[in-house]
Amino acid sequence: MSPSLSSDDARALLALLGPHVSVFAEDALRASRADIVVRGEPELVLADLARALDGGSTFESVAGLSIKRDDEVRHAPDRPPITDLDSLPFPARHLLPLDRYQSAVWGKKPFTTMLTSRGCYYGCSYCPYRIGYGAKWRGRSPDNVVAEIEECVNRYKVREILFRDPLFTADKERALQICSLISERGLRVDWRCETRVDLLDEDMVRTFAQAGCKGINFGVESGNERILRDVGRKRIPAERLTKGFRRCRTEGIETLAFFIIGLPGETEETVAETVRLAIELDPDTAQFTAATPYPNTSYYHYLKKEGLLKQDWSLFTSRAPVVGTHDLDPEKLRQLISRAYRMFYFRPHYLLMRMKKLTSPHEILRASRGFRSALRYAGLSR
C-alpha cells in the first residue's frame with residue numbers, strides 16, 4: 001500500500017509520542033493499534049504532518065515520523081532538535097479544566113507545569129531525559145518565559161507553577177532575570193523548580209525566594225561516591241550539599257531530595273549510606289525511587305550486556321524495582337526502599353518539624369496528603 005497520507009486518513013490516525021516510543025518506534029507500532037509514532041520533539045513534526053495531510057504529501061516528507069501500514073513499518077529521517085524554543089506557541093491551556101488541577105503534594109489550584117529549557121549536558125547513565133531532549137542545553141529567553149507565566153496568572157488564575165526543567169539554573173543570569181521580571185510585573189504566584197545543588201548559590205536562593213519560589217527539588221541520588229562515579233554523575237561534596245539545603249531552609253524555601261536505590265554496585269551498606277545522607281540533609285520531602293533501565297540509556301545497555309535486563313514495561317514506574325544488582329534481587333531492593341521511607345519519615349524530629357508548620361486547615365490537608373503519599377511509596381498503605 002502507498003504510504004501517501006490524505007485528509008481522509010486524518011480521521012482515523014492514532015499517534016504515539018514520547019521518549020520510549022521514539023526509541024522503540026517499530027516495536028510500539030507493531031504492538032499497538034497506533035498508526036504513527038512521532039519521534040523526538042513533537043511540535044514541528046506534528047505541524048508538518050498536518051500540512052502533509054492537507055496537501056496529500058507522502059510521509060517521507062515529514063522528518064521524525066514512523067508510520068505503519070498493514071504489516072509494513074516505514075521510518076522517515078530523524079529531525080534535529082528545535083533550536084529556537086521562543087518560536088513555539090504556549091500550550092493550549094484553554095483546552096484543559098485547569099481549575100481542577102492541583103499538585104498532589106502542595107495542594108494549591110489551579111496548578112500547572114512549565115518547561116523553560118530542554119536538554120541536559122550531564123551524562124548520568126540512568127537518566128532518560130537526554131534520550132528525549134538531547135545533551136545540548138537550550139533555554140527560552142526570560143521575556144518569553146515570563147510572558148507565559150503572566151498568561152497563566154492573569155488569564156487562567158494559576159496559583160502554583162512547577163518548572164519541569166531538570167536544570168532550571170543551568171544559566172544563572174537567565175534564572176535571575178526570570179525572577180527579576182516576575183517581581184517587576186507584580187506576578188503573585190508560587191513556583192517550584194528542579195536543579196543541582198552545585199548550580200545554585202546564596203544570591204540565587206535569596207532572589208528566588210523574593211520572586212515567589214516556594215520549593216526546589218534536588219537530585220542527590222546516592223550517598224556512595226563509587227556508585228555516583230560509576231553512573232557518570234559528578235559528585236557534590238557532602239558539606240556543599242548540606243550548605244545548599246540549609247540555605248534554602250533559611251530563606252523559607254522547601255526542599256525535595258531525589259534518591260535512587262538499585263544502581264550498579266548497590267549493596268545493603270551503600271543503601272544505608274544513602275539513607276544516612278538523606279537524614280543528614282533533612283529535606284522537607286525525600287523520594288527514594290528504584291533504579292529503572294529506561295530505553296536506550298547507558299544503564300539500559302549495561303544491564304543488557306550483563307544479562308540482567310528484564311523488559312517488562314508494566315514495571316517501569318520508578319516505584320517497583322525492575323531488576324536487581326549482582327548483590328541484591330528486586331524483592332530485596334523493594335524491602336530496602338520501603339525501609340528507607342520508614343527511616344526517613346517516621347523520625348520523631350521529622351514528625352515534630354512537620355507538625356510545627358501546620359498552622360491552617362490547608363496546611364494540615366497538604367501534610368496529610370504528602371504523608372499518605374510517603375506511606376504508599378513505603379508499601380505501608382494503598
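**Salt bridges and other local details**

A: Counting a side-chain nitrogen of Lys or Arg within 4 Å of a carboxyl oxygen of Asp or Glu as a salt bridge, the count comes to 26 salt bridges. The model is a predicted one, and the values below are computed from it.

Start with a pair inside a helix. Glu26 and Arg30 are joined by a salt bridge between their side chains, with 3.2 Å from N to O. Both residues belong to helix H3, which covers residues 25–30. Because they are four residues apart there, about one helical turn separates Glu26 from Arg30. Glu26 has a relative accessible area of 32%, so it is partly exposed. Arg30 is partly exposed as well, at 47%.

The closest N and O atoms of the Asp48 and Arg51 salt bridge are 2.4 Å apart. Asp48 has 21% relative accessibility and counts as partly exposed. That value sits just past the cut-off, because buried means under 20%. Arg51, with a relative accessible area of 55%, is exposed, since exposed means over 50%.

The pair Glu72 and Arg74 is another salt bridge, in which N and O are 3.7 Å apart. Strand S4 covers residues 72–75. Glu72 counts as partly exposed at 35% relative accessibility, and Arg74 is partly exposed with a relative accessible area of 31%.

Salt bridges can also link up beyond a pair. Here Glu41, Glu43, Arg118 and Arg138 are connected in a network of salt bridges.

A patch of positive charge on the surface brings together Lys234, Arg240, Lys243, Arg246 and Arg249. The residues of such a patch have no salt bridge. One of them, Lys243, is placed in helix H10, which runs over residues 238–250. Lys243 has 47% relative accessibility and therefore counts as partly exposed.

The surface also has a nonpolar patch. Leu95, Leu96 and Tyr101 make it, with an area of about 310 Å². Tyr101 is in the loop that connects strand S4 (72–75) with strand S5 (111–114). The relative accessible area of Tyr101 is 36%, so Tyr101 is partly exposed.

The loop between S4 and S5 also holds Pro110. The peptide bond that leads from Lys109 to Pro110 is cis, and its omega is near -5°.

Two loop residues have a positive phi without being glycine. For Asp70, phi is near 55°. Asp70 lies in the loop between strand S3 (65–69) and S4. Asp70 counts as exposed, because its relative accessibility is 56%. For Asn296, phi is about 75°. Asn296 is part of the loop between strand S12 (285–290) and helix H12 (298–306). Asn296 has 38% relative accessibility and so is partly exposed.

The last topic is the cysteines. A disulfide is a covalent bond between the sulfur atoms of two cysteines. The structure has zero disulfides. The cut-off for a disulfide is 2.5 Å between the sulfur atoms. Cys127 counts as partly exposed, with 27% relative accessibility. Cys179 is in no disulfide either, as the nearest cysteine sulfur, in Cys213, is 7.5 Å away. Cys179 has 1% relative accessibility, so Cys179 counts as buried.

To return to the salt bridges: the pairs described here, including Glu26 with Arg30 and Asp48 with Arg51, are among the 26 counted in the model.

Technical notes:
Residues numbered from 1 in each chain as written. Predicted model: local features only at pLDDT ≥ 70, side-chain atom pairs only at ≥ 80, totals over all residues. Heavy atoms only, no water. Patch = residues over 30% accessible without salt bridge, like charges linked within 9 Å, V, L, I, M, F, W, Y side chains within 5 Å. Areas by Shrake-Rupley, 256 points an atom, 1.4 Å probe, with all protein chains shown as cover. Lys, Arg positive; Asp, Glu negative; His and termini not counted. Charge placed at Lys NZ, Arg CZ, Asp CG, Glu CD. Buried < 20%, exposed > 50% of the residue type's maximum accessible area, 1.4 Å probe, protein only.
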